[in-house]
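Here are my notes for anyone opening this structure for the first time. Have the viewer ready and go through the points in order.

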Amino acid sequence: MVATSNSNSWHYDFSLLPQYLDRLFAKLRIAVVFGGDCDRPGSVIYKTHNPRSWKSYEIVAREIAKALTEIGFQHVYVIPDDMNLPEQLKQQKIHLVWLNTGGVQGYNPVCHTPALLEMLGMPYIGHNPLNSSTLDNKHAFKRELQSVGIQTAPFMTWHPSQGILQPNLPERFSIAFGEYRGPFVVKPVSGRASLHVHFVDKIEGLSQAVSEVHQATHNTALIEKYLPGREFCVAVCGYVTYAKGCFTKNAKPFAFSTVERVLESDELIFTSMDKKAITADRGRLMGAEEPELKQQLIDLARKIYWEFSLNSLVRIDVRSDGDGELYVLEANPKPDLKYPGKNVTSLVALGLAEYGMSYNDLIFSLLADRLDYLLTQHIEIIPHIVDLLD
Ligand SMILES: Nc1ncnc2c1ncn2[C@@H]1O[C@H](COP(=O)(O)OP(=O)(O)OP(=O)(O)O)[C@@H](O)[C@H]1O
Ligand SMILES: [Mg+2]
């Protein structure tokens, strides 16, 4: 029997999850939220600057919504995250939000919508505001990686308020790079799709590349040691998975889709997916030929998930140095969840078949995992969902 959240007799355990989800199919009202367009009249009060290259992600939001409907949820809405969002959520009597947005505008846009939902008391599938901000600010994420002993390329930052970067900063450079004098990568701290990522051969070229990043983003530039080795991705999400018609609660986070990004011989930096779509020949799923490397990537992904107390999907990008040592480049807080089509797919969906999972199974896993987490850890903040379980 299910009682309301204020009852002391109510107890949740994982074995109840399938029957609860069954009940929620007809009752739970879900909104999949994509990035609102600040140029659309009535979306914001004043248009401002976005340091992150804006994208609506609406197509993928609709693919997620379609999957939720196919899974069995009868009330799924797709809504932009502009200033009308709270009113929309109220009007449509939404119980749960799926965040598929990088934000509308302003600084740290990826954390705005989860922060707003926190204020509204609305549960969501996505990262909390702090994790959203940390993951979407590569320098902040890298500092935390260092603090838990995870390797990331040596780096320093340069903010526009610090003026033009002078190539002659021996003390500051030696803290980050020691005797190393190049090559480097210069990129925005908050970016996507390899936009404004520069390969810089020598220290003398850094100033210009940093200025370009400043002009494009009005935000901090990241200067990193260039890693000349192979490039990999690995996706990781929560403990509950849905495959072959069954739910499982795993002891470790679910890490999957270990993919090598295939670079052409003259491709120093992976070409933006805005310019070249992710096709099977751009991402090679790792099979059984390098089991240790594959396991290393899986362990790395699980460690990051655990250390940052993540509770939603990330895709971790990794590159190796000349000796094959792995270094984390970034963890994408809103990895592309494109529905895998004939020619175009996403780096996250590429490896699902290995676990007997479809795209819809992944979507169901992400929702079920969040629900299991909320019911286990935070039952008191979702009385409106608990009431639906009666
Ligand atoms: N330190 C580095 N050494 C070598 N290559 C790098 C380095 N940093 C970035 N790159 C190259 O630039 C690409 C984009 O960098 P990164 O993943 O940090 O930024 P992004 O634009 O957020 O990427 P994404 O497309 O994954 O959203 C990487 O896929 C990699 O090919
Ligand atoms: Mg990346």
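1. How many residues of domain 1 are in contact with domain 2, and how many of domain 2 with domain 1? The answer is 4 residues of domain 1 and 7 residues of domain 2, where contact means C-beta atoms, placed from the backbone, within 7 Å. On the domain 1 side, the residues split into 1 nonpolar, 2 polar and 1 charged. For these classes, Ala, Val, Leu, Ile, Met, Phe, Trp, Tyr, Cys and Pro count as nonpolar, Asp, Glu, Lys and Arg as charged, and the others, Gly among them, as polar. The C-alpha centres of the two domains are 36 Å apart.

2. A word on what you are looking at. This is a predicted model, where local features need pLDDT of at least 70, side-chain atom pairs count only at pLDDT 80 or more, and totals for chains, interfaces and linings use all residues. Residues are numbered from 1 along each chain as its sequence is written, while chains are lettered from A and ligands numbered from 1 in the order in which they are written.

3. Now the domains. The protein divides into domain 1 (14–125 + 368–389), domain 2 (154–225) and domain 3 (231–359), with bounds from an automatic or database domain assignment. It has 11 helices and 15 strands, which are DSSP runs numbered from the N terminus (helices H or I, at least four residues; strands E, at least two). The radius of gyration is 22 Å, close to the 21 Å of the globule rule for 390 residues, so the protein is as compact as a globular protein of that length. That radius is taken over C-alpha atoms, and the rule is 2.2 Å times the number of residues to the power 0.38.

4. What about burial? Of the 390 residues, 42% count as buried; that takes 20 or more other C-beta atoms within 10 Å of the residue's own, with 12 or fewer meaning exposed and anything in between partly exposed (C-beta atoms placed from the backbone). Helix α7 (residues 170–177) is hardly covered, with a buried count of 0 among its 8 residues. Gly 178 follows α7 and has a positive phi, near 60 degrees.

5. Next, the inside. The largest nonpolar core has 78 residues, of which Val 97, Val 236 and Ile 316 touch the most other members. Such a core is a set of buried Ala, Val, Leu, Ile, Met, Phe, Trp, Tyr and Cys residues joined through C-beta atoms within 7 Å. Helix α10 (residues 359–377) gives this core its largest share, 10 residues, and domain 1 and domain 3 each supply at least three. Apart from it lies another core of 15 residues, including Phe 184 and Leu 222.

6. Lastly, Lys 249, in strand β11 (residues 246–249). Leaving aside neighbours within four places in sequence, Lys 249 is in contact with Phe 14, Tyr 239 and Val 240. With 16 C-beta neighbours inside 10 Å, Lys 249 counts as partly exposed.

Terms used:
Contact = placed C-beta atoms within 7 Å.
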